[in-house]
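Let's take a walk through this protein, starting with its aromatic rings and ending at its pocket. Have a look at the sequence and the fold first.

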Amino acid sequence: MKINLTVLYNFPLHYREPIFLKIDNFYNVDWYFGDKLHDIRMMDVKKLNSFNIFKTHHIFGSRFTWTKGVINKKTCFNKNVLIFGDLNSISTLCVLLIRKFLLKKSVVWSHGAYGKESSFIISLKKKYFSL
């Protein structure tokens with residue numbers, strides 16, 4: 001029996017396709033993706049068993065984004081949720097805060113610290129990833 005998993009990822013990156021397909025084969029996955037990320041090519045999401053693409057908006061022309069539709073029953077209440085930890089995504093931050101408030105565990109998939117950030121950014125990332 002496959003474990004149910006919800007994955008919230010900012011964009012279906014073409015170079016992540018092999019790992020996404022392995023995850024999709026191993027788990028019963030509901031995929032939630034944003035629709036754009038600069039000039040990086042999108043993978044063929046039709047290869048996944050289930051996927052949802054949502055419109056991503058830049059907030060007031062800044063680097064911060066909001067992906068409409070990702071705050072929903074599955075991303076906030078499901079037991080097993082894997083979230084791409086993008087500090088620029090306000091909607092993802094909201095999902096993490098809602099899950100923290102509801103005492104639901106979340107796994108954040110991210111690059112972590114790059115090493116050249118200021119101490120303020122590193123402390124901000126630590127707080128973000130602790131959600």
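Why does Tyr128 count as buried? Keep in mind that this is a predicted model. Tyr128 has a relative accessibility of 5%, and buried means under 20%, so Tyr128 falls on the buried side of that cut-off.

A pair of aromatic rings is described by the distance of the centres and the angle of the planes. The model holds 10 aromatic pairs. For one of them, Tyr32 and Phe54, the rings are stacked, with 5.8 Å from centre to centre and 5° between the planes. This pair ties together distant parts of the chain, since Tyr32 belongs to strand β2 (residues 28-34) and Phe54 to strand β3 (residues 51-54), 22 residues apart. Tyr32 and Phe54 are both buried. Tyr128 and Phe129, on the other hand, pair edge-to-face, at 5.6 Å centre to centre and 70° between the planes.

Tyr9, Phe20, Trp31, Phe33, Phe84 and Trp109 make up one aromatic cluster. Several of these names come back in the largest nonpolar core, which has 15 residues. Val7, Tyr9, Phe20, Trp31, Phe33 and Leu48 are the ones that touch the most other members there. Elements giving two or more residues to this core are β1 (4-9), α1 (17-26), β2 and β6 (81-84). A second core of 11 residues stands separate, with Phe54, Cys76, Leu96 and Tyr128 among its members.

Leaving aside residues up to four places away in sequence, Tyr9 touches Arg16, Phe20, Tyr32, Phe33, Gly34, Phe84 and Trp109.

Rings can meet charges as well. The charged end of Arg63 sits over the ring of Phe64, 5.8 Å from the ring's centre.

Last stop: the largest pocket. At least two lining residues come from each of β1, β2, β4 (56-58), β5 (65-67), α3 (90-101) and α4 (119-130). Which element gives the most to this lining? That's α4, with six residues.

Methods: Residues numbered from 1 in each chain as written. Predicted model: local features only at pLDDT ≥ 70, side-chain atom pairs only at ≥ 80, totals over all residues. Heavy atoms only, no water. Phe/Tyr/Trp six-rings, centres within 6.5 Å; stacked < 30°, edge-to-face > 60°. Helix = DSSP H or I, 4+ residues; strand = E, 2+ residues; numbered from the N terminus. Buried < 20%, exposed > 50% of the residue type's maximum accessible area, 1.4 Å probe, protein only. Lys NZ or Arg CZ within 6 Å of the ring centre and 35° of its normal. Core = buried A, V, L, I, M, F, W, Y, C linked by side-chain atoms within 4.5 Å. Contact = heavy atoms within 4.5 Å.
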